[in-house]
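The report below is meant for a reader who meets this structure for the first time.

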Amino acid sequence: MVCADECPIEEDPRLTALQREIVASSRNTSHYYETHEALAASAAAGQCWKLLVWAVGPARDRLAAQIEAELEPGSRGITVHQPEVMLLEFVPPHVNKASALAMLSDSLGVPHERTLCFGDGSNDVEMLKWAGLGVAMGNASEKAKAAASKVSEWPHYEDAVARELSQIFGIQR
């Protein structure tokens, strides 16, 4: 989601200072339209595990829609996420945070019911569903909130992870 048209992207409150600087210094995203077919083809062919594309504001939404239409997600085995205001992420369906945590917990002998994770974006949905306790940040995407066992009352930028851990484990701050 991007700031409404009446709000310049540089003023979007979800952007960090660094992201605002990047936006201000690089307003042209047209080169992504020229190269996305080759990048998408290599992802679909299994030649890469993750493809991140940087795009800003309404251009990102147009690019996501165009690439999704051309890739036909699902039929070619590509999942498209928009994890941040400035990123598009393309991954094969089996490549996600849940599958990584499942491998790690299996190797450590920890049942998934005893795992805890935090997330805020569409690329966290599978992980939030998989974990024994999946906590979405207060400012998480609607998809992440719907997938979580719990939604924090705090956004990530107000130390949500530390506050939730304090509550869960009874730690006085």
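Which residue in β5 does Gly119 stand opposite? Gly119 stands opposite Ala136 in that strand. The model is a predicted one, in which local features need pLDDT of at least 70 and side-chain atom pairs count only at pLDDT 80 or more, while totals for chains, interfaces and linings use all residues. Residues are numbered from 1 along each chain as its sequence is written, and side-chain values use heavy atoms, with hydrogens and water left out.

**The sheet and its helix**

Strands β4, β5 and β6, in that order, form an open sheet of 3 strands with parallel pairing. Its edge strands, β4 (116-119) and β6 (150-151), each pair on one side only. Between β4 and β5 (residues 133-136) the parallel pairing extends over 4 bridges; two strands count as paired if DSSP finds at least two bridges between them. Helices (H or I, at least four residues) and strands (E, at least two) are DSSP runs, numbered from the N terminus. Helix α7 (residues 160-169) lies across β4, β5 and β6 and runs at about 155° to β4, where axes are lines fitted to C-alpha atoms, for helices over the stretch in contact, and angles run from 0 to 180 degrees between N-to-C directions.

**Around Lys97**

Lys97 lies in helix α4 (residues 97-108). Because its relative accessibility is 33%, Lys97 counts as partly exposed, a class between buried (under 20% relative accessible area) and exposed (over 50%), with a 1.4 Å probe and protein chains only. Leaving aside residues up to four places away in sequence, Lys97 touches Asn123, Asp124 and Met127, a contact being heavy atoms within 4.5 Å. Lys97 and Leu128 are 31 residues apart in sequence, and their C-alpha atoms are 9.0 Å apart in space.

**The whole chain and its confidence**

The protein chain has 7 helices and 6 strands, which follow one another along the sequence as α-α-β-α-β-β-α-β-α-β-α-β-α. Of its 173 residues, 38% are buried. Among contacts between residues at least 6 apart in sequence, 41% join residues at least 24 apart.

The average pLDDT (the predictor's confidence in each residue, from 0 to 100) is 75 for the protein chain, and 59% of the residues score at least 70.
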